[in-house]
Amino acid sequence: MLLVDALTKRFGSRAVLDGLGLRVGPGEYVAIVGESGSGKSTLLNLIAGLDRPDTGRVEVDGTDLAALDDAGRTLARRRKLGFVFQSFHILPHLTVEQNVELPLVLLGAARDERAARVLELLSAVGLGDRGGSMPRELSGGELQRVAVARALVHKPSLVLADEPTGNLDPDTAQTVLDLLAREIRSRGAGGVLVTHSEAAARSADRVLVLDHGRLREPVIG
Ligand SMILES: Nc1ncnc2c1ncn2[C@@H]1O[C@H](COP(=O)(O)OP(=O)(O)OP(=O)(O)O)[C@@H](O)[C@H]1O
Ligand SMILES: [Mg+2]
């Protein structure tokens with residue numbers, strides 16, 4: 001589902017990622033933890049093809065994103081990827097419903113199918129009655145849940161989530177984690193979850209630590 005090989009990314013003289021490798025199989029959900037500034041968001045951006053590595057390779061669902069031109073990469077990203085950004089990236093001039101619907105509109109899904117799936121996802125994150133609201137009327141945690149719904153709405157083959165429960169109370173966080181795990185595992189998609197939360201890490205199949213530019217197993221105890 002996801003293959004990352006020998007990925008290196010420098011900012012100035014500092015190697016943030018240094019020969020990093022990662023494999024995520026179908027239906028597998030991996031949590032990545034690591035100190036602030038260790039490169040977790042950088043890694044997700046590279047996996048999503050939103051930034052280019054200095055060296056190394058990323059393959060998503062059999063496609064090498066770096067080998068595509070800009071248009072091809074945009075299309076592949078739309079179809080295959082669901083991304084929950086650390087800062088949400090909800091569009092302020094669209095309603096909640098329109099934000100969640102957008103990936104399906106871009107993929108040309110039919111109106112009825114779009115409406116049903118948007119309601120399904122908004123209900124699953126506890127916002128079934130907020131579809132008509134504007135983003136500025138929502139709390140931070142509500143916006144975060146809109147971002148999760150939008151990342152899952154088009155049934156992507158790879159879900160990338162950057163601290164998707166950072167603004168949520170424990171119960172709501174668990175609801176969102178269960179939804180992410182269910183959507184990923186039931187469809188045989190892959191999932192990469194970046195988190196500082198132990199509860200979130202526990203919901204994953206495997207936990208890895210980003211440390212000095214590479215992923216390693218956690219030290220237990
Ligand atoms: N565009 C950029 N230009 C220069 N430095 C950058 C850039 N993007 C990230 N960095 C640096 O790379 C390092 C890793 O950043 P990144 O955002 O990946 O960390 P993170 O692990 O996601 O941290 P956090 O847990 O705080 O979100 C940081 O030191 C950051 O300052
Ligand atoms: Mg980050």
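By class, the shell around ligand 1 holds two nonpolar, eight polar and three charged residues; here Ala, Val, Leu, Ile, Met, Phe, Trp, Tyr, Cys and Pro count as nonpolar, Asp, Glu, Lys and Arg as charged, and the others, Gly among them, as polar. This is a predicted model, where local features need pLDDT of at least 70, side-chain atom pairs count only at pLDDT 80 or more, and totals for chains, interfaces and linings use all residues. Residues are numbered from 1 along each chain as its sequence is written, chains are lettered from A and ligands numbered from 1 in the order written, and side-chain values use heavy atoms, with hydrogens and water left out.

**Who sits around the ligand**

- Ligand 1 has 13 residues around it (a heavy atom within 4 Å), and the closest are Arg-14, Ser-36, Gly-37, Lys-40 and Thr-42.
- Strand E2 (14-24) and helix H1 (40-47) each put at least two residues into that shell (DSSP runs numbered from the N terminus: H or I of at least four residues for helices, E of at least two for strands).
- H1 is the top contributor, with three residues.

**Polar contacts** (N or O pairs within 3.5 Å)

- Thr-42 brings a polar side-chain atom to 2.6 Å from a ligand 1 oxygen.
- For His-196, a side-chain N or O atom is 3.2 Å from an oxygen of ligand 1.
- Ser-38 uses a polar backbone atom, 3.3 Å from a ligand oxygen.
- On its own ligand 1 exposes 640 Å², and the protein buries 59% of that (Shrake-Rupley, 1.4 Å probe).

**Helix packing**

- H3 (residues 96-106) and H5 (residues 140-152) pack at about 30 degrees with axes 7 Å apart (lines fitted to C-alpha atoms over the stretch in contact; angles run from 0 to 180 degrees between N-to-C directions).
- That makes H3 and H5 roughly parallel (under 35 degrees).
- H3 and H4 (residues 111-124) pack at about 125 degrees, axes 10 Å apart.

Methods: Polar contact = N/O pair within 3.5 Å; in protein donor to acceptor, adjacent residues only side chain to side chain. Parallel < 35°, antiparallel > 145°, perpendicular 65-115°, else oblique.
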